[in-house]
Amino acid sequence: MGSGHVDRAVVRERGELAVIGRGRLRAGAVTGLVLLLYGGVWFLGGLSIADLARHPVGSLYLTPDTEPSNGTPGLLWASFVALFLGPMVHGSARSALARGWGGTAASVVPLAVFGTSVGTGFCLGAGALWVLAPDPGTDVDGAGRRGASWGPGEWAAWTAQWWAPLLLLAFVAVRILVIVAASARESHREARAHEVMAGGVCTTGRVIEVSETGTEVGGRPRIRFVVVFTDRGGTDRRVTRYELFDRPWILQVGDEVTVWFDPEDPDDHDVISVAGVAATGDGSPAREK
């Protein structure tokens with residue numbers, strides 16, 4: 001009986017793991033499809049940008065009789081598709097990534113897909129749509145007569161099909177590095193704050209200033225409030241925080257709150273935690289905020 005019971009437990013556990021695995025696989029597949037759609041939308045956007053730039057850029061490196069006509073771009077519709085669908089799919093991509101991989105991935109991956117897709121679309125579109133220079137480096141008219149040598153402006157226009165997407169990718173790479181660095185700093189701050197909550201000093205603080213910032217998220221106002229607390233040396237210290245509150249629970253001047261701080265560095269505001277509850281004698285919250 002014991003052996004059979006163990007076998008059933010193992011089978012049940014394996015079944016649960018299989019269900020979890022299939023759920024993760026489906027979530028990953030959905031996320032991949034959303035990112036593929038997002039990339040496709042902005043690839044079209046890159047193509048349309050190349051088409052829109054065909055005449056103005058061509059007029060800079062071609063002679064007047066060889067430059068492209070200044071008509072309505074054939075891929076103008078793709079611009080509207082990208083501008084309309086791009087933000088919509090972006091929101092879906094961020095949500096899917098946040099659920100599966102966290103906030104940093106939700107910020108970084110769509111940005112990388114955007115830059116790669118627009119850059120690739122622009123580069124391929126320029127290669128296919130832009131009028132080729134008959135002899136790069138020299139003006140050549142429609143009759144084949146050679147003119148003056150190109151200056152920096154002509155060279156910049158002709159090579160824009162390569163340096164423009166590279167510049168975009170460089171900007172995206174820098175932006176991604178900034179996001180990752182900020183996320184790492186925030187993760188470190190949160191870890192230190194948790195350490196302080198676990199091993200630091202817990203005391204009661206008092207709210208001395210409250211003001212609305214004018215920003216609301218989901219109907220919840222973002223509130224700036226200042227708390228004063230006393231460290232172990234008897235010195236009063238202030239810490240300013242910004243939080244979202246439901247309107248019935250906005251802190252008021254004079255309210256007591258719970259404060260955790262590092263006794264070795266009470267001025268380190270990054271690791272000070274403030275909870276909108278005042279602790280009772282047994283450590284339970286006196287009231288919710």
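1. **β6 and β7.** In this predicted model, strand β6 (256-261) runs antiparallel to β7 (residues 273-275), and three bridges join them. Strands here are DSSP runs of E, at least two residues long, and helices are runs of H or I of at least four, both numbered from the N terminus. Two strands pair if DSSP finds at least two bridges between them. Trp 260 has Ser 273 of β7 as its bridge partner.

2. **Basis of the model.** Residues are numbered from 1 along each chain as its sequence is written, and side-chain values use heavy atoms, without hydrogens or water. The model is predicted: local features need pLDDT of at least 70, side-chain atom pairs count only at pLDDT 80 or more, and totals for chains, interfaces and linings use all residues.

3. **Confidence.** pLDDT is the predictor's confidence in each residue, from 0 to 100. Its mean over the protein chain is 85, and 86% of the residues reach 70 or more. Two stretches need caution. Over residues 1-5 pLDDT stays under 50, and the model has zero contacts there beyond four places in sequence. Over residues 277-289 pLDDT also stays under 50, but there the model has 27 contacts beyond four places in sequence. A contact means heavy atoms within 4.5 Å.

4. **Overall layout.** The protein chain has six helices and seven strands. Along the sequence they follow the pattern α-α-α-α-β-β-α-α-β-β-β-β-β. Of the contacts with a separation of 6 or more, 61% join residues 24 or more positions apart. Buried residues make up 32% of the 289 residues. Buried means under 20% relative accessible area, exposed means over 50%, and partly exposed lies in between (1.4 Å probe, protein chains only).

5. **β6 and β3.** β6 also pairs with β3, in the antiparallel sense, over six bridges. Thr 204 has Thr 258 of β6 as its bridge partner. Five of the six residues of β6 are buried, so the strand is mostly covered.

6. **β3 and β4.** These two strands pair in the antiparallel sense over eight bridges. Glu 216 stands opposite Pro 221 in β4. The hairpin has two residues between the strands, and Gly 218 takes a positive phi near 60°.

7. **β4 and β5.** Nine bridges join β4 to β5 (residues 236-244), and the two run antiparallel. Val 227 stands opposite Val 239 in β5, and Thr 230 has Asp 236 as its bridge partner there. Five residues lie between the strands of this hairpin, where Gly 234 takes a positive phi near 90°.

8. **Largest nonpolar core.** A nonpolar core is a set of buried Ala, Val, Leu, Ile, Met, Phe, Trp, Tyr and Cys residues joined through side-chain atoms within 4.5 Å. The largest has 15 residues, and Phe 225, Val 227, Val 257, Val 259, Ile 272 and Val 274 touch the most other members. β3 (201-217), β4 (220-230) and β6 each supply at least two of its residues. β4 gives the largest share, four residues. Beyond its neighbours within four places in sequence, Phe 225 is in contact with residues including Val 207, Val 239, Leu 251 and Val 274.

9. **Loop residues.** Arg 145 is in the loop between β1 (138-140) and β2 (146-149). Its relative accessibility is 55%, so Arg 145 counts as exposed. Not counting residues up to four places away in sequence, Arg 145 touches Asp 139 and Val 140. Asp 265 is in the loop between β6 and β7, and at 35% relative accessibility counts as partly exposed. Its C-alpha atom is separated by 9.9 Å from that of Asp 231, 34 residues apart along the chain.

10. **Cysteines.** How many disulfides does a search of the whole structure find? It finds zero. A disulfide here is a pair of cysteine sulfur atoms within 2.5 Å. Cys 123 is partly exposed, with a relative accessible area of 28%. Cys 202 is partly exposed too, at 45%.
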